[in-house]
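Hi everyone, thanks for making time today. I'd like to walk you through one structure, so please have the viewer open.

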Amino acid sequence: MELQLKGITKQFPGVLANDDVTLTARSGKVLALIGENGAGKSTLMNVLSGLYHPDAGEIIIDGQVQKFDDPGDAIKAGIGMVHQHFMLVPVFSVWENVVLGIEPTRAGGVLSRKEARREVKEISERFGLAVDPDVLVEDIPVGIQQRVEIIKVLLRGAKILVFDEPTAVLTPQEVEEFFGIVAELKGRGATIIFITHKLKEALAIADDITVLRGGKVVGHADPATATPEDLAAMMVGRDIELVVEKSEAEPGAGVLELADVTMLDDYGRALLKDISFSVRAGEIVGVAGIQGNGQTELVEAITGLLPISRGRITFEGKDITRYSPRDRHTAGIAHVPEDRNHMGMIGSFSVAENLVLDSYYAQPFSRGIRLQGDVIRDSAEALVEQFDVRPPIISNTGGALSGGNAQKMIVAREFSRDVPLVVCAQPTRGIDVGSIEYIHEQIVKKRDEGKAILIVSTELDEIFALSDRILVMYDGRIVAELKASEATPTEVGLYMAGRAA
Amino acid sequence: MSQTFEKPPAESYELTASRTRELSKSQIRRAQISGVVMLLLAAFVVVFLIPNAEGDATFGLSTARDAVQLSDLVVPVTASLWVLAMVLGFLGATQFVRGFQRRSTLILGLSFGVFVIAFIIWATADQQFNLTSMLVATVSRCTPIALGALSGILCERSGVVNIGIEGMLLGGAFSGVVIGSLFGGWIGLVAATLTGGILALLLAVLAVNFRVDQIIIGVVINILVLGLTSFLSSQVLIKNPDLNNAPIFPAIKIPVLGDIPIIGPVFFNQTIIVYGMFILVGTVTYLLFRTRWGLRTRSVGENPRAADSLGVSVAKVRYLAVIYGGMVGGFAGAWFTLGTVGRFDEGMTGGRGFIGLAAMIFGAWNPVGALGAAMVFGFSESLSEKLSLLDIPIPTEFLAMIPYLVTIVVVAGLVGRARPPAADGQPYTKE
């Protein structure tokens, strides 16, 4: 089926999320829709799936103008969405998730499990999407959960499949499998829309590429001829350096040392298991791994937010295992937390206040019980200027900043202190390419000043761009330690999936 | 609010099977504490009960009306207390030293049971205590608690927290007695059920359409109903005692089954409200886990966005579930008036709605589990009532505390970490 969008416009309070978007997706082809966070991709897809109503514009399928009042209408028209955050009920079995809303029933609305299982089996065999209908969704890995989502839309007769950032949570191997599935669907004549901000994937899989920026279509590209640099420039609107310039590391003395660090949860399961490594001055150590393999706990163990059950953490020769988070902070550990909105800042506080969240209580920002407003303001003005936080208005609330600028504000706060160790968790998650470029430069600059840096990231590209040494976490353990200059993404990917361990 | 599935759960999939299980310090401490508690119970029996024990305890097993009369059970008090104390001491010591690991909770519950038996034997020394009539009262008293829990389950499975159960019980009790006095018990029962439904409609409108904090709505319902019924009771019912004199549903004996010793009177010779409770527990369990309606209701309580994206109307599902829940709560209220005394007293529900909420949690949001929990609470109520009839040196006020103490112990200690529906209490916004 051919899908056309004509002049789709969607206004939210204060944001024009889609501005006169026009595009076409054809049967048996993959259309990649790329753009930065906030470019309006997800809004467009929610319009397409009937969750939002456009303020203007038309959705046309095979020449027929469609009107979607709710998701049910879009499903009936043959559109199937595979959302970025899977729309699954974790405590339900696979078949329960698949048939929800179109349940096969016997008299009186009693579920027919046999029929439901048969339907799931049939789709999964027809499209080569192997999955056990009876397991609970929370018990299967993300890659299989994605298959469940695909089976869901296929069972509803979808001919137009929309994938919203489908590879964000997959391992490199799962991404390969996913591309195989897409090729299979494409071969059967499905119309596929692939939304992503990963340029390499768009180039690898798409037949056409449409670029969105600021809610508008800013261009089209042919994957056969376009380069990642071209696409990045279209997405951002200026030339972008995709590779971080950095020289060989010159590691000095050890700054942070972990010895046999083990953390158990309330049920006695190991979240971290016998973790030992060190970070030296003047080097960047990158921790790779699929989300949920203990990286969050590792960062919180180092910064003191979670207590460890066993082991020892040493910082500049001092045993800090029992230090409180503030003691570690004053001892000289800076922390860019993984969740900027919940841990990194207070959205309703001003930029100036957010910039002293970690040091407001000490000289020169306080004297006795009184905050020194002018000192705080002067310091904030300087930092906003130095770290390019836009708009540079320090009385704005932190929550009013875009993701990238909020992250720059947090980086400004943490990097402005002259401390020996910086721990950055997901330093560039969900922010624009321009801000990523800037933050990466700052991290490398910090390293060149002789600081020890620990980066935790689920983006393999980021790990390779920054790290001098790579640690791979899997299932709460460090399963590999590699020199960045010698490692390959495939190798790291295998360790991330726990297959080579 | 959308669900993320980034973290694969431990030990359920082969890749993560390597995650090792170790006893954490807190777990070991918990095991030791429960061991100490059990040893203290043993010590209590030895130090306080045995020195004051003498003679035999006589337990009646049949009620006067039973077809088959069993002879009384006569137990020598001192000897049996020693035996039970030794059992407790053995379990406690084993738990403290070695731990029963996974079965710890079960063993702790068992120990409490042994202790309760010891206590009953001690209290009955040289007296008569009818076990069967205590069990009959247990089932009767568990009824409003189980129904209250069921009311909560219906609401919370759809993602709406209902702490207004107490108010729904009280409202049902009140309208049941007034309408029952005027038009008879059956119509009173219908009125009680509808009253619960109307109160639930208020909850549904405020929670689903206006997205008011659901805890606040529940508190408001409780206060509103308490105030309204107390006012009406003192202004209207006192002046018109005819309005506060409803017929009481008689116990209906089921043929054959009702003649089985002990089990017969306990389960098969009760009022229709008690039978209604059993039928509702079974029906709701079936509806929730075997039908389309149940699947949709549970999906809305777990991940409303997912349900919405598949064309399931979150608002409609929640409205229905909450109103059904309220009707069950109102029906439960009729137990207090039409099922027992036939008259209304201010605040007569005495926190049963909240105990029902505890039973819901204890039963892990499952109707059958909640019924089991309600039985524990019903037993403790019935026990405190029957013990107060015996001549023992404990003030009745303390005995009346037993059900509430049991609630606290159960909620704080034994519940562990039951998992509520993931979207419980969260208003759903389309965008």
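Let me start with a term: a nonpolar core here is a set of buried Ala, Val, Leu, Ile, Met, Phe, Trp, Tyr and Cys residues joined through C-beta atoms within 7 Å. Please keep in mind that this is a predicted model.

With that in hand, which residues touch the most other members of the largest nonpolar core? They are Phe194(A), Ala146(B), Leu150(B) and Ala359(B), in a core of 266 residues. The element with the largest share is helix H12 of chain B, residues 314–341, which gives 15 residues to this core. As general background, nonpolar side chains in soluble globular proteins tend to be buried together.

Let's zoom in on Ala359(B). Leaving aside residues up to four places away in sequence, Ala359(B) touches Ile145(B), Ala146(B) and Ala149(B), and also Ala370(B), Ala373(B), Ala374(B) and Phe377(B).

Now step back to chain B as a whole. Chain B has 15 helices and 5 strands. Its radius of gyration is 24 Å, close to the 22 Å that the globule rule gives for 431 residues, so chain B is as compact as a globular protein of that length. The C-alpha trace of chain B spans about 70 × 70 × 40 Å along its principal axes. As for burial, 48% of the 431 residues of chain B count as buried. And if you take the contacts in chain B between residues at least 6 apart in sequence, 78% of them join residues at least 24 apart.

Over to chain A, please. The domain assignment gives domain 1 as 3–236, domain 2 as 241–332 + 419–501, and domain 3 as 350–417. The centres of domain 1 and domain 2 of chain A, taken over C-alpha atoms, are separated by 34 Å. Their contact takes 11 residues from domain 1 of chain A and 14 residues from domain 2 of chain A. On the domain 1 side, the elements giving two or more residues are helix H6 (172–187) and helix H8 (228–236) of chain A. H8(A) provides the largest share of that side, 5 residues. By class, the domain 1 side has 6 nonpolar, 3 polar and 2 charged residues.

Next, a strand. Do the residues of strand E18 of chain A, residues 333–336, count as buried or exposed? All are buried: Ile333(A) and His335(A) point one way, and Ala334(A) and Val336(A) the other way. E18(A) is joined by 4 bridges to strand E21 of chain A, residues 421–425, and the two run parallel. Across that pairing, Val336(A) stands opposite Cys424(A) in E21(A).

A helix is worth a look too. Among the buried ones are Glu297(A) and Glu300(A), along with Leu298(A) and Val299(A). Just after H9(A), Gly304(A) takes a positive phi of about 85°.

I'll finish with Arg377(A), which has its place in helix H13 of chain A, residues 373–386. Why does Arg377(A) count as partly exposed? Because Arg377(A) has 15 C-beta neighbours inside 10 Å; buried would take 20 or more, and exposed 12 or fewer. Not counting residues up to four places away in sequence, Arg377(A) touches Ala352(A) and Ile394(A). Val243(A) lies 134 residues from Arg377(A) in sequence and 35 Å away in space, C-alpha to C-alpha.

Key
Residues are numbered from 1 along each chain as its sequence is written. Chains are lettered from A and ligands numbered from 1 in the order in which they are written. This is a predicted model: local features need pLDDT of at least 70, side-chain atom pairs count only at pLDDT 80 or more; totals for chains, interfaces and linings use all residues. Two residues are in contact if their C-beta atoms, placed from the backbone, lie within 7 Å. The radius of gyration is taken over C-alpha atoms; the globule rule is 2.2 Å times the number of residues to the power 0.38. Domain bounds come from an automatic or database domain assignment. Ala, Val, Leu, Ile, Met, Phe, Trp, Tyr, Cys and Pro count as nonpolar, Asp, Glu, Lys and Arg as charged, and the others, Gly among them, as polar. Two strands pair if DSSP finds at least two bridges between them.
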